[in-house]
Amino acid sequence: MIGSLGLVWIALWFLTVPRAMLVAAHPTANNQGTERAARFREVFRDVRFWALLAVVIGIDLTWHGYRTWLPLYLQEQRGYTLEQMSKFTTVYYIMADVGSWTVGLLTLLFCRRGMRVHTSRLLAFGGSSGLTMMTVAVPFLPSGLWLEAALLAVAFGALGLFPTYFSLSQELSARHQGKVTGTLGASAHLSLAVLYPIEGWVCDVTHSYEWVLGTIGLFPILGFGILIVLWPSDRNQPITENQTPQ
């Protein structure tokens with residue numbers, strides 16, 4: 001039933017998106033040659049695609065790792081009742097939403113103050129990655145205010161990583177945007193299908209969720225390093241089919 005609500009979204013899309021935008025999304029006589037030249041397989045030759053693949057795997061490891069193990073951790077190791085866990089995770093997801101909005105707004109603010117687009121995105125992603133690193137403190141913090149503050153910082157940063165990732169994914173191809181995002185997302189979730197049993201095995205062997213929760217928040221900072229090394233700067237970034245030389 002939840003999945004079928006997507007049909008409502010499709011109807012709302014065509015009712016609300018201006019017709020001019022829908023027409024602009026299709027090749028015209030002036031740009032058919034360019035669109036034909038930009039085949040989807042060419043995306044796989046772009047080092048930025050592989051950088052984003054590493055980034056989204058790291059993001060999903062943190063976000064979905066906490067989504068999976070945090071409720072069990074709070075109840076089984078921290079002594080939270082079901083009601084206490086439910087109340088806190090509600091606040092956790094609200095804080096995550098706030099992080100997503102805030103990071104997007106900060107990136108826009110940086111750009112409006114004259115900062116390069118890619119630099120502003122890196123700052124936003126780096127700041128969010130720094131917050132997810134709070135996971136290393138989780139096993140050592142006492143239950144209560146300090147633990148919950150650290151977990152809320154992780155929530156803010158974990159979902160705050162997504163706006164930058166999605167904006168970077170739009171740099172690869174205008175014509176094949178859906179395929180790019182779909183391929184990256186599917187690849188990340190297939191990776192999780194392999195990694196989840198490993199995380200479960202660690203939890204079983206150590207009789208603790210802290211080894212997993214304490215380390216998965218470090219993967220976004222690795223993705224941040226990959227972006228710095230592999231992603232071209234604004235000045236030497238290759239021109240895609242939706243851009244024209246200046």
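Here is a walk through the salt bridges.

Modeller: Happy to! Please keep in mind that this is a predicted model. Searching the whole structure turns up four salt bridges, and I'll describe three of them, including the pair formed by arginine 78 and glutamate 210.

Let's start with that pair. The closest N and O atoms of arginine 78 and glutamate 210 are 3.8 Å apart, which counts because the cut-off for a salt bridge is within 4 Å. Arginine 78 sits in the loop between helix H4 (47-76) and helix H5 (82-112), while glutamate 210 belongs to helix H9 (residues 210-213), so this contact ties together parts that are 132 residues apart in sequence.

Next comes arginine 48, which forms a salt bridge with aspartate 46, with 2.7 Å between the closest N and O atoms. Here both partners, arginine 48 and aspartate 46, are buried.

Finally, have a look at helix H5, which holds both glutamate 83 and lysine 87. Their side chains meet in a salt bridge, at 3.4 Å from N to O. The two residues are four apart, about one turn of the helix. Glutamate 83 is exposed, with a relative accessible area of 52%, and lysine 87 is exposed too, at 54%.

Terms used
Residues numbered from 1 in each chain as written. Predicted model: local features only at pLDDT ≥ 70, side-chain atom pairs only at ≥ 80, totals over all residues. Heavy atoms only, no water. Buried < 20%, exposed > 50% of the residue type's maximum accessible area, 1.4 Å probe, protein only.
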